[in-house]
Amino acid sequence: MEAYYSQKIYPFIFKISHSLFGVIPFPVGDILILVLILLLPLVVYKVFLFIKKKKFTPLLINSMSIFFSVYIVFHITWGLNYHRITLNKKLGYDLQYSVEQLESTTLDIIQRINKLHSSLTINDTLAVEIPFTQSEIEMLLTQSTLYDMEDIFPSSVKNNLYVKKSFWSLFLSYMGFAGYVNPITLEAQVNSLMPSLSYITTAAHEMGHQLGIAAENEANFIAFRATVSHPNRYFQYAGYLFGLRYTIGEYFINRPVEARKLYGEVNLGIKKNIRQISEFWEGFENPFEVIFKRGYDQYLKAQGQRDGIETYSQMVAYLVDYHTDRTD
């Protein structure tokens, strides 16, 4: 899988996808989804006719043909990435850590983001405002060398990453999703309604998926590493804010009293940025969000990510190993 699909077949498929869709300014994958939605009434009508005429065998054959065709295409263009060698094995990470190591990592992130925050604002009570448009953010991400990752990824992929704003941003917001990679067109789609800080890390996350990284914790780590190593301080700030939200949350679970004390060392302006992100998602809370996330949770589990949607937060183990590497 690693030697052939991940390093040869997928890069070739992605190169074709980039040639076909990368130059088109709008998300082709979103248009295809719209077409499928519009065709749904016709499909329901056809199924009704088959049932009315009691043509159960042709209905079963046609349904299975469509299902397996989609299944095969999905796995060839993207799905087989779920079975590649995990990123931690390539990086030599064991993903095991103590609470003390988690505390050390969180403290390191707090010190770094406090310093960045002080360089981006006139005092520590002000939230950071990103001075770039979404198009500029996309350009700054795609024109960088952020995704070298010690030559783990083929140059034909990492040199052609791109991001598009999703047509479905409003629906994604109500569903509680920040973005996705279309598994057929391989376009990285990002929710354009999010605050700029989230837009930066989500775009970096989806570009990580374009690299062929399927696991959500690995894509999260790539987004963190890509942004904190960016030459632009605003991108670094977005990356450390992203990492802090996960590590401090995990530390709260393990040692709430100590975590609350540690969080007290975070600049007030940084806390305002965190609150801005939380308020955005709170503004779209609805009863159906749970259903959408439950469905996505089952999808991830079906693809081998046994912890489902909780896989996202497991990036913390990568951050601890990354911190250990830098301090050794």
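The model is a predicted one, in which local features need pLDDT of at least 70 and side-chain atom pairs count only at pLDDT 80 or more, while totals for chains, interfaces and linings use all residues. Residues are numbered from 1 along each chain as its sequence is written, and side-chain values use heavy atoms, with hydrogens and water left out.

Let me begin with Asp30, which lies in helix H2, helices being DSSP runs of H or I with at least four residues and strands runs of E with at least two, numbered from the N terminus. Asp30 is buried and has no salt bridge, and the nearest side chain of opposite charge, Lys164, is 9.2 Å away. Here buried means under 20% relative accessible area, exposed over 50% and partly exposed in between, with a 1.4 Å probe and protein chains only, and a salt bridge needs a side-chain nitrogen of Lys or Arg within 4 Å of a carboxyl oxygen of Asp or Glu.

Now to phi, where most residues other than glycine have a negative value. Leu186, in the loop between strand S2 (179-181) and strand S3 (188-190), has a phi near 65°, and Leu186 is buried because its relative accessible area is 0%. Leu95, whose phi is near 60°, sits in the loop between helix H4 (87-91) and helix H5 (99-120), and counts as partly exposed because its relative accessible area is 22%.

Finally, Lys53 is in the loop between helix H2 (28-52) and helix H3 (56-77), and it counts as exposed because its relative accessibility is 54%.

Technical notes: Lys, Arg positive; Asp, Glu negative; His and termini not counted.
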